[in-house]
Amino acid sequence: MAVEAQVPYQEAIEVHHPHSWITKYWFSQDHKVIAIQYGITAIGVGLVALALSALMRLQLGFPDTFDFIDPEAYYQFITMHGMIMVIYLLTALLLGGFGNYLIPLMCGARDMVFPFVNMISYHVYFLSVIVLLASYFVPGGPTGAGWTLYPPQAILEGTPGVDWGILTMLGSLAIFIVAFTMGGLNYVTTILQARTRGMTLMRMPLSVWGIFMATVLGLLAFPALFVSAIMMLLDKTIGTSFFMPAISSIGETLDYSGGSPLLFQHLFWFFGHPEVYIVALPAFGIVSDLISTHARKNIFGYRMMVWAIVAIGVLSFIVWAHHMYVSGMHPWFGFFFATTTLIIAVPTAIKVYNWTLTLWRANIHLTVPMLFAIAFVITFVMGGITGLFLGNVIVDVPLSDTYFVVAHFHMVMGVAPILVIFGAIYHWYPKMTGKMLNDTLGHIHFWVTFLGTYIIYYPMHYLGFVGVPRRYFANGDMAIIDSSVEMLNQTITVAALIVGIFQAVFIWNLIYSYFRGKDSGHNPWKATTLEWQTPETPPRHGNWEDKKLPTVHRWAYDYSVPGEEDDFVPQTAPQTGSQPAT
Amino acid sequence: MAEATGLRNLQVVDDWAADVEVFRGVPWGKAMMWIFLLSDTFIFTCFLTAYMTVRMTTSEPWPNPSEVFALEAFGVPVPLLLIAIMTFILITSSGTMAMAVNMGYRRRRGPAALLMVITALLGASFVGMQAFEWTKLIMDEGVRPWGNPMGAPQFGSTFFMITGFHGLHVSAGVVYLAVVAWRVWRGRYEKQGYDIVEITGLYWHFVDLVWVFIFAFFYLW
Amino acid sequence: MAADTGQQHPISVYFWIWTLLFVFSAASYTVDYIGFQGYMRWTLIIIFMMLKAGFIVAIFMHMRWERVALITAILVPPGALLVLVALMAMESDYTWATRILYFGEDPAPVPLPPPSH
């Protein structure tokens, strides 16, 4: 039914134009500046995590070679690498970075609904990063409890960083959640309440849908992490026993009694599983837009895609304990959680089919963003299928805590979203800076990253099958370890170092193109969505012309429409009447 | 779009299918406050779930809250006397808050500000009584976060954590109310309208709402 | 946004709800005072709690007068919490049962519900 056009509240808002350097680039309230701040911080801290993974690989590939890596340091690398990658890089970059940049532009808003809160959100996030990195400068160094921070071991003697590292880690997480909440409330409210005229929810680009659902998941799932972080802080500092049972440590009976370590695992994964989709859903959305734009074809099954995103979001709250099959939880839970886990594969598979069908007989342009998008689909299928293995209790039990699990989650929620992030940066960099990224460097970066990750993670599945346990500092002379493991570990390490070093090509490309890149024009990819229709590139503070927001007349995927002159029709182009309305 | 059929006649479907905004006529601040409260609901429920879990799993006796929180009045121990008073105070503050919202929308900013100040004062007295309750528990009953003489140590841990977190919410609410009341009094919202009073009210009622659950699950269970 | 979109209701409604909240609070307090135990106690407490919570949300927070879009958006997501609570209740029963099994008798003077399996 026709929707009566209401006047968007933002139409009349005057945006305040800052003049000093500080208010323009540091304490800016412009969502685009905040997005880039989030992006740079996240990539910066991500490079730290990348360096940590290189150190871990050095140890695994060539044990007994590097004196400065002892078991303690190794566990600290694991913990910091995992936590940084999942929370401070992926969550922050996809939601704080792309969410901030794309939501107002793609919805046709001037800015987030509360720009001031948005600004604070970034600076609190920055603080959380500082507190996290401070772990390396406190006595004892960062915690080595593993990124899941399971008690009781996380706060007992013998775990590295038990004195200070665990405190900075938990504190940093709590601060991050505050930052995320301030940002997330803005994203959700902007999408729900501040779209432009004609922009219905079912006309939104899938990027916005993915980011929206992921933010909702974040707002509802991070509380569980917040609560468990607070309770563990109390256990550690004032000696409560929420998670700590009666226990003796190094021959000494401790004062704890009656707490439940399983409670922590449940709360953690009640957050942790939605977290997987907080990372995945924005990637799903963005990759849909990349594929559609660069294949010059409308996305196949748009409504199905939207409902799949919603269904995945809902289901992600009832699958959490599939991370806990070997934890000693209630034996009935295995059946329940295996079932829900396999059900969630259905909407996910729908999305994969739809991406494939979008590519089917499309006018595919193998641009760098498109290469990354296709690489994502392949990698995601790989990781997803191994996820079905691990979702079944009976298969999971022998594979638990082996390299099979490491390979699975790195494929599905490590490499796959990172590939999308690369693709998205190659895609939107022209809008952010007005310059194209260098194509040759992009191709080099893509092929090394894509092929390299397969050399890294394919063998890990095999390592898991032959029983190599994860999180081990060194395998030593264990009889169960096959002789092939050593050679494979060395291969993986070499590949990982090469891939890691080649990320410098990407960083260099970002810097080089900013100064020397080709001018991109307003719409280099000939895309339909609103962010490419701004009057200026990069868009100014306020995004659109004064007192005038764009009006949306169609969905975001009018590519190669028969009878149209161009092979794309922007969302702002009025319907001509001959076509069916969408 | 297609012709109106079945579902599309429903107002809720119509709203979700609309452009510009889903919650028609709802100011941004109010939408954002509702979503924040939803998120906060998850925080408090996680706390209460943790409490449920440690209480159900402990094999030590759980102290009887009815006795622990009894207060002597005229020489007779009355169970939960202070808690009852605190509950009534918080409900009353919710009532005054609701009336402040009403006055705000009638653009009677004097009474609105006054009612908000009364709400804040009631809230402050709630926090004061909580401080008294904590003191009594710590000094007289010997309850500590890490243990107590009556049984399961989780009794003290969950009590201090949950009521403490709720108390922080009340304290933050008192400050929030005071600031908004001052601005209402100064006439700052004359032009843009008095939605802010309702938004503040939502937060305050939520704090009251949480207390309803804490009262039932912690003190009465 | 314009102030006329706000919630405007007669004051008497608030007085009514105020009174009702007092009554329900007093009622749940009485449950404790009389000393009901077991399922009787828990059922009554939960009923009064839900009534109070319902009235606060519906009237004081004006949910009753909001459009269905907002009501669904706020009231549906906590369903996820019900799953969490239900499963954690089962889990706790199981943990408790294993503790009793491996570490001995439950000395709790207040009888806990028997494990449901």
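Among contacts in chain A between residues at least 6 apart in sequence, what percentage join residues at least 24 apart? The figure is 80%, where two residues are in contact if their C-beta atoms, placed from the backbone, lie within 7 Å. This is a predicted model, in which local features need pLDDT of at least 70 and side-chain atom pairs count only at pLDDT 80 or more, while totals for chains, interfaces and linings use all residues. Residues are numbered from 1 along each chain as its sequence is written, and chains are lettered from A and ligands numbered from 1 in the order in which they are written.

**Chain A and chain C**

Chain A has 14 helices and two strands, these elements being DSSP runs (helices H or I of at least four residues, strands E of at least two) that are numbered from the N terminus. Its C-alpha trace spans about 80 × 50 × 50 Å along the principal axes. The radius of gyration of chain A is 24 Å, which agrees with the value near 25 Å that a compact globule of 582 residues would have; this radius is taken over C-alpha atoms, and the globule rule is 2.2 Å times the number of residues to the power 0.38.

Chain C has four helices and zero strands, so that its elements run α-α-α-α from the N terminus on. The table sets out two values for each chain, a residue being buried if 20 or more other C-beta atoms lie within 10 Å of its own, exposed if 12 or fewer, and partly exposed in between, with C-beta atoms placed from the backbone.

| Chain | Buried residues | Contacts (at least 6 apart) joining residues at least 24 apart |
|---|---|---|
| Chain A | 56% of 582 residues | 80% |
| Chain C | 29% of 117 residues | 43% |

**Packed helices**

Two packed helices are described by the angle between their axes and the distance between the axes. Here axes are lines fitted to C-alpha atoms, for helices over the stretch in contact, and angles run from 0 to 180 degrees between N-to-C directions.

In chain A, helix α10 (residues 368-391) packs with helix α12 (residues 403-433) at an angle of about 160°, their axes being 8 Å apart. That makes α10(A) roughly antiparallel to α12(A), given that angles under 35 degrees count as roughly parallel, over 145 as roughly antiparallel, 65 to 115 as roughly perpendicular and the rest as oblique. Their crossing is left-handed, a term used if the near helix is turned anticlockwise from the far one by less than a right angle, with right-handed used if clockwise. By class, this contact has 20 nonpolar, eight polar and no charged residues; Ala, Val, Leu, Ile, Met, Phe, Trp, Tyr, Cys and Pro count as nonpolar, Asp, Glu, Lys and Arg as charged, and the others, Gly among them, as polar.

In chain B, the axes of helix α4 (residues 81-105) and helix α7 (residues 195-220) come within 9 Å and cross at roughly 160°, and α4(B) and α7(B) are therefore roughly antiparallel to each other. The contact includes B:I83 and B:L90 of α4(B) and B:W204 and B:F215 of α7(B), and by class it has twelve nonpolar, five polar and two charged residues.

**Where the chains meet**

In the pairing of chains C and B, 53 residues of chain C are in contact with 50 residues of chain B. On the side of chain C that touches chain B, α4(C) gives the most, with twelve residues, and by class that side has 37 nonpolar, ten polar and six charged residues.

Ten residues of chain A are in contact with ten residues of chain C. Helix α7 (residues 261-294) of chain A gives the most to the side of chain A that touches chain C, with three residues, and that side has seven nonpolar, three polar and no charged residues.
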